[in-house]
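Me: I have a model open and a few quick things to check. Can you walk me through them?

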Amino acid sequence: MDAKLASGGISSLENDGRATWARVEYPKIDFEDLHYYAAPKNTEGPKSLDEVDPELLETYKKLGIPLSEQEILAGVAPENRVAVDAVFDSVSVATTFKEELAKAGVIFCPISEAVREHPELVQKYLGSVVPVSDNFYATLNSAVFSDGSFVYVPPGVRCPMELSTYFRINEKNTGQFERTLIIADKGSYVSYLEGCTAPQRDENQLHAAVVELVALEDAEIKYSTVQNWYPGDSEGKGGIYNFVTKRGDCREKNSKISWTQVETGSAITWKYPSCILRGDNSQGEFYSIAISNGHQQIDSGTKMIHLGKNTASRIISKGISAGVSQNTYRGQVSAHRKASNARNFTQCDSLLIGDKCGAHTVPYIESKNSSAVFEHEATTSKISDDQMFYCQARGLDEEEAVALIVNGFVRDVIQQLPMEFAVEAQKLISISLEGSVG
Amino acid sequence: MNAPAKIQETKAEQSLNAQFDATLAQTTQDNANQRKQAWDAFKAKGIPHRRVEEWHYTDLRTKMTDAFALASKTSPKADALTGAGGLETYRIAIVNGRYVPELSSNQALAGLTVTEAEGFLAAQLGTDDAMAHLNQALVQGGITIKIDADATIEAPIEIVRYTDGTEVSSYAGTSVEIGSGAKALIIESFEGDAEAAYQSNALTEVKVGDKANIHWLKLQVESEKAQHIETLSIELGAETNFQHFIYNEGSALSRAQLFLEFKGEGTHAGLRGTCLLKDSQHADITLFVNHAVPECESREYYRAVVDDKARAVFQGKIIVEPGAQKTDGQMMIKSLLLSDTAEINAKPELEIFADDVQCAHGSTTGDIDEDLLFYLMARGIPEAQARKILVLAFLSEAIEEFEEERSVELLEAMTRKWLHADEMVSE
């Protein structure tokens with residue numbers, strides 16, 4: 001289904017939203033040639049999980065995300081239960097644990113359903129964090145998004161399980177434009193995880209999602225991403241362009257938003273999950289592991305915008321570059337006039353594996369308040385010969401040694417992930433670095 | 001690939017058009033071609049604005065509302081020039097971009113040659129910056145300073161750049177060649193009529209040979225209404241020690257942009273400085289340090305004290321090119337905000353293409369440490385004075401690292417004067 005963009009949404013596609021400041025290079029995207037809507041192959045749409053392509057379930061299993069409830073009921077301890085919303089191409093195919101969540105009052109459903117069932121919430125919050133005209137890709141998403149996930153946690157409720165969305169792009173030439181909206185009402189807590197994969201394709205595919213988080217008074221949202229989109233082959237052919245706008249709004253006092261991301265996939269990752277610290281005493285966190293290998297390009301980081309009093313933010317970014325990849329951390333920390341006693345601590349460490357790759361750090365530190373205290377530190381280094389020797393002397397081969405050292409390097413961030421995904425993320429890191437040494 | 005939207009010319013750009021035409025009419029053919037080339041490069045970009053990443057925090061297009069008329073040749077009284085204050089120096093005076101022998105030291109100094117250059121400098125800049133190109137197109141005069149190989153010059157070489165007149169603009173071009181094994185202290189000052197509004201745009205190109213030992217102190221004490229732009233391009237040979245310090249006190253708007261490139265191995269470069277800002281001053285220090293060869297060390301340490309509605313901008317980029325192994329680059333920016341209307345923007349960048357390197361940068365922003373203040377006040381020092389002591393200590397740390405005795409003394413005196421620190425003691 002080819003789509004022509006409504007002229008009202010985007011007046012011109014001549015400029016493809018390229019930024020002069022970002023360290024990413026890619027050929028011009030032909031937006032006319034893109035598929036803006038694709039449904040999973042079974043045209044009827046799967047009625048139950050049994051009808052889902054077994055190949056997809058296999059990918060799912062590999063990622064360690066248990067989709068079927070039976071599987072969980074059969075063996076996994078109750079505290080490890082995760083409610084999953086699976087989005088294939090442009091359609092949400094299955095949402096698990098809906099009933100149990102409904103008992104707690106938590107709404108977790110495809111956003112297409114939320115538009116029908118809970119229009120008052122959608123109208124109130126959609127686009128309130130990322131305005132339609134925010135940036136090129138947010139505008140594009142706003143114009144064409146067809147599905148995504150919606151979460152609403154009512155006041156005082158601690159969401160009884162991890163929520164998770166699993167994204168997959170199947171169709172050729174497809175752009176995935178999903179939209180996620182999470183609202184944590186007063187005093188609530190929710191932990192949300194997204195996983196992303198795509199099969200191998202020669203052409204580049206575009207993923208331009210928008211994620212909006214709203215935390216009201218005393219609420220906390222923890223958003224974790226394990227991103228493993230197809231990165232392209234060893235020649236740099238194919239792969240996903242991951243151009244995502246993610247932003248959280250600590251709208252009221254004492255709220256907290258925490259982003260954790262493990263970025264191992266995509267040909268190009270270009271995103272800055274951000275926190276607007278609007279409420280007094282609100283907190284923002286950003287923990288990131290970005291691994292680039294082969295021809296991958298990453299320009300990622302965060303924005304911490306301190307608006308309220310006594311706001312605090314913390315940024316821990318670990319970048320690892322291997323192969324001929326380019327890995328850039330770009331982050332902004334700003335304190336506005338009224339943000340008295342704002343605090344930020346930023347640590348960006350880069351690790352280089354091989355002499356053909358690049359590691360770059362570009363922080364923007366802007367302070368307009370004398371009581372704001374911002375600290376930033378960054379280091380760049382390589383795996384030392386001593387470390388390698390130590391590991392190899394104990395019988396590890398070169399690749400295992402690198403994986404072990406890298407896992408130590410990123411430990412601060414892994415610890416922030418929900419337990420069941422931490423293990424998976426560690427595995428992913430080892431897989432991503434395969435072929436980077438020797 | 002995407003043609004940028006056509007931007008309308010500002011009033012300043014229109015004035016510059018006329019000034020360039022007038023300049024062109026007065027120059028020789030050879031010179032004119034070079035000017036034209038530079039002018040085209042400037043026109044392609046226009047006056048930088050916030051959409052130009054390197055100028056993001058200093059929106060010159062907005063701040064430079066007009067381009068003042070090109071300053072004519074004048075000869076101010078000798079006592080108008082301050083330079084390095086009381087130090088015994090070898091003085092080179094440049095007024096409105098032109099070398100003025102009458103105001104300069106006239107006896108020869110062994111190992112040093114100063115020649116007046118005609119207009120355009122064929123600088124091989126490591127930059128494609130619009131304001132550097134503008135200087136090349138409009139430069140009014142210039143000098144070439146040569147320091148012979150193995151020469152040790154004891155007296156500080158003082159370059160005084162003075163803009164004489166109000167509502168005028170001066171464009172100075174300077175080329176400095178420092179031979180291998182040379183040792184010298186260069187103190188350059190940028191100044192003008194106090195109270196006068198003027199624009200000064202200086203372009204300086206420095207080439208240093210191998211095994212040299214150079215200290216370079218820049219005193220930016222332009223009038224409080226001045227707009228000051230300086231582009232400094234530095235190339236360093238092997239095993240050289242080059243130490244640069246910016247003392248930034250003057251100007252309503254100032255921008256110092258340094259482009260440093262390591263050309264030989266085993267070289268150390270220190271780029272340091274202090275910014276002392278008040279009222280609604282805006283000061284921008286932007287660095288590009290390119291480690292093009294292995295085994296070089298660079299240190300970029302800057303400190304800023306920002307009061308009232310002033311704004312300090314610091315951008316520093318350490319680039320480590322492929323193959324520049326064993327590079328050691330450390331950058332640190334510390335800022336003190338003394339008022340809630342002051343602002344600091346810092347952007348310390350690392351761009352690394354080699355794996356066997358040690359690079360780090362850090363940045364801190366905050367107010368005076370309350371504990372330290374309490375400590376001093378508990379010992380009977382009034383708060384206002386205690387604050388000054390702490391600010392002075394904060395700045396002195398950076399000054400002392402310059403490790404050149406005469407300069408450190410001069411800098412500390414100037415810093416104390418700015419702080420009115422001595423008045424407090426005598427009260």
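Me: Is Glu403(B) buried, partly exposed or exposed, and why?
Reply: This is a predicted model. Glu403(B) is partly exposed, because 13 other C-beta atoms lie within 10 Å, and the buried class needs 20 or more.

Me: Where does Glu403(B) sit in chain B?
Reply: Glu403(B) is in the loop between helix H6 (383-400) and helix H7 (405-419).

Me: What is phi there, at Glu403(B)?
Reply: Near 55°. That is a positive value in a residue other than glycine.

Me: Switching to chain A. What about phi of Ser266(A)?
Reply: Also positive, near 75°, and again the residue is not glycine. Ser266(A) belongs to the loop between strand E13 (256-263) and strand E14 (268-271) of chain A.

Me: Buried or exposed, that Ser266(A)?
Reply: Buried, because it has 30 other C-beta atoms within 10 Å.

Me: Now the interface. How many residues of chain B are in contact with chain A?
Reply: 34 residues of chain B, against 35 of chain A.

Me: Which elements give two or more residues to the chain B side?
Reply: Strand E19 (343-352) and strand E20 (358-366) of chain B. The largest share comes from E19(B), with ten residues.

Me: And what is the make-up of that side?
Reply: It divides into 15 nonpolar, ten polar and nine charged residues.

Me: Which strand of chain A pairs with E20(B)?
Reply: Strand E23 (residues 373-382) of chain A. The pairing is antiparallel, over seven bridges.

Me: Which residue is the bridge partner of Thr380(A) in E20(B)?
Reply: Cys359(B).

How values were computed:
Residues numbered from 1 in each chain as written. Chains lettered and ligands numbered in written order. Predicted model: local features only at pLDDT ≥ 70, side-chain atom pairs only at ≥ 80, totals over all residues. Helix = DSSP H or I, 4+ residues; strand = E, 2+ residues; numbered from the N terminus. Buried ≥ 20, exposed ≤ 12 C-beta atoms within 10 Å, placed from the backbone. Contact = placed C-beta atoms within 7 Å. Nonpolar A, V, L, I, M, F, W, Y, C, P; charged D, E, K, R; others polar. Pairing = 2+ DSSP bridges.
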